[in-house]
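This report describes a structure with its chains, its packing and some backbone details. Please look at the sequence and the model before reading on.

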Amino acid sequence: MQKNALHILLADDDEDDRLFFKDAFEEIKIQTNVNFVHDGMQLMDHLMNTDNKLPDILFLDLNMPKKTGKECLIEIKKTEHLKDIIIAIYSTSSSEEDIEDTFIQGANIYIKKPSDFNTLKKIINEVVTVNWHYHTSGLNRDNFLLRLK
Amino acid sequence: MKLFIKFDINTICSLYLKQNLEQNNINFTTLGFGEIEIEDNIDAEALDNLKTKLAPCGFEVVENQKSVLVQKIKDAIIELVFMDDSNNYKSSVFLAEKLNHSYGYLSNVFSEVTYSSIENFIILQKIERAKQLIIINEMSLTEIAFLLNYSSVAHLSTQFKNTTGITPSAFQRIIKKRRENLK
């Protein structure tokens, strides 16, 4: 499908969630390269360090120590070289307020953390496929909003 | 002052491509569908040069035959979805006639390369057009549903919600607030 593996970064403080996420990415057909950070501070350090390749999609947990996902989102959208990264919120919250608010702040995708592995795989597959269409088919990224349960 | 600008992606792309090729002194003819025939032999270095120059705007030289066909399918779908009389065509017939392959073959190649189906891609494009029309805010949802060949507003709303996870009105509200937020 594409020559280079897709670059994925997950910011999440929960170790089980990170493992679950990693396994799901290993089982989908599309080739990916998954990296992790454990909190908001570490995420911003990672993104600001120009030695690191920027992710194609950033999965962002809202509830993290040191710096919350929402603070990171706002900071990323204000930073010139980061503001075009596709951001998928990956959260346990399903409050309509959180969802709408993160979309308004510039998130592209909102995923309610699923409790079973197959749903997660299905969701990840959909995110990666739709993202790829946006990447290759001249779709307008400003209009890219996707909510998955 | 706020202006909404309509533009034609095809024209922009062809124009940009033409200017770049001319700047590089390359003689060429366009064959449509993003296909270009270069008249003289150009060396690998000049070709690489051109690729690097075009890359920042998202242009990419497609090298694999199946990917070429998939790109043609996508272009034809976009053409169909953005036509104003698209109601007159059945998509499978349109694609088969346009690309001179059976729909079954096209559908297999598309799924093999993209891991998704032609039907899904058509829906994605229709919803994309609906989004643009909603943002421009000149038409009611009923008019948009008719233009895009949905049997009813409910049908459009359902497909919009299934594709994006949010309703058309939530979409409109979010984009509006996001813009205000950017100011």
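## Model and numbering

This is a predicted model, in which local features need pLDDT of at least 70 and side-chain atom pairs count only at pLDDT 80 or more, while totals for chains, interfaces and linings use all residues. Residues are numbered from 1 along each chain as its sequence is written, and chains are lettered from A and ligands numbered from 1 in the order in which they are written.

## Chain B overall

Chain B has nine helices and two strands; helices (H or I, at least four residues) and strands (E, at least two) are DSSP runs, numbered from the N terminus. Along the sequence the pattern is α-β-β-α-α-α-α-α-α-α-α. The C-alpha trace of chain B spans about 55 × 45 × 30 Å along its principal axes.

Chain B is divided into domain 1 (10–61) and domain 2 (123–182), with bounds that come from an automatic or database domain assignment. The centres of the two domains of chain B, taken over C-alpha atoms, are 35 Å apart. Of the 183 residues of chain B, 17% count as buried. A residue is buried if 20 or more other C-beta atoms lie within 10 Å of its own, exposed if 12 or fewer, and partly exposed in between, with C-beta atoms placed from the backbone.

## Packing of H3 and H6 in chain B

Helix H3 (residues 65–82) and helix H6 (residues 118–136) of chain B have axes that come within 10 Å and cross at roughly 45°. H3(B) is therefore oblique to H6(B). Axes are lines fitted to C-alpha atoms, for helices over the stretch in contact, and angles run from 0 to 180 degrees between N-to-C directions. Angles under 35 degrees count as roughly parallel, over 145 as roughly antiparallel, 65 to 115 as roughly perpendicular and the rest as oblique.

On the H3(B) side, the residues that meet H6(B) are Ile73(B), Lys74(B), Ile77(B), Ile78(B), Val81(B) and Phe82(B). Their partners in H6(B) include Phe121(B), Ile122(B) and Arg129(B). Two residues are in contact if their C-beta atoms, placed from the backbone, lie within 7 Å. The residues of this contact divide into eight nonpolar, one polar and three charged. Here Ala, Val, Leu, Ile, Met, Phe, Trp, Tyr, Cys and Pro count as nonpolar, Asp, Glu, Lys and Arg as charged, and the others, Gly among them, as polar.

## Contact between the chains

The contact takes 17 residues from chain A and 18 residues from chain B. On chain A, the elements that give two or more residues are helix H4 (96–104), helix H5 (117–136) and strand S6 (146–148). The side of chain A that touches chain B has eight nonpolar, six polar and three charged residues.

The axes of H4(A) and helix H9 (residues 168–182) of chain B come within 8 Å and cross at roughly 50°, so H4(A) is oblique to H9(B). Glu100(A), Phe103(A) and Ile104(A) in H4(A) meet Ile174(B), Lys177(B), Arg178(B) and Asn181(B) in H9(B). By class, this contact has three nonpolar, one polar and three charged residues.

## Two loop residues with positive phi

Most residues other than glycine have a negative phi. Asn100(B), which is not a glycine, has a positive phi of about 60°. Asn100(B) is in the loop between helix H4 (91–99) and helix H5 (103–114) of chain B, and counts as exposed because it has 7 C-beta neighbours inside 10 Å.

Tyr115(B) has a positive phi near 60° and is found in the loop between H5 and H6 of chain B. With 15 C-beta neighbours inside 10 Å, Tyr115(B) counts as partly exposed.
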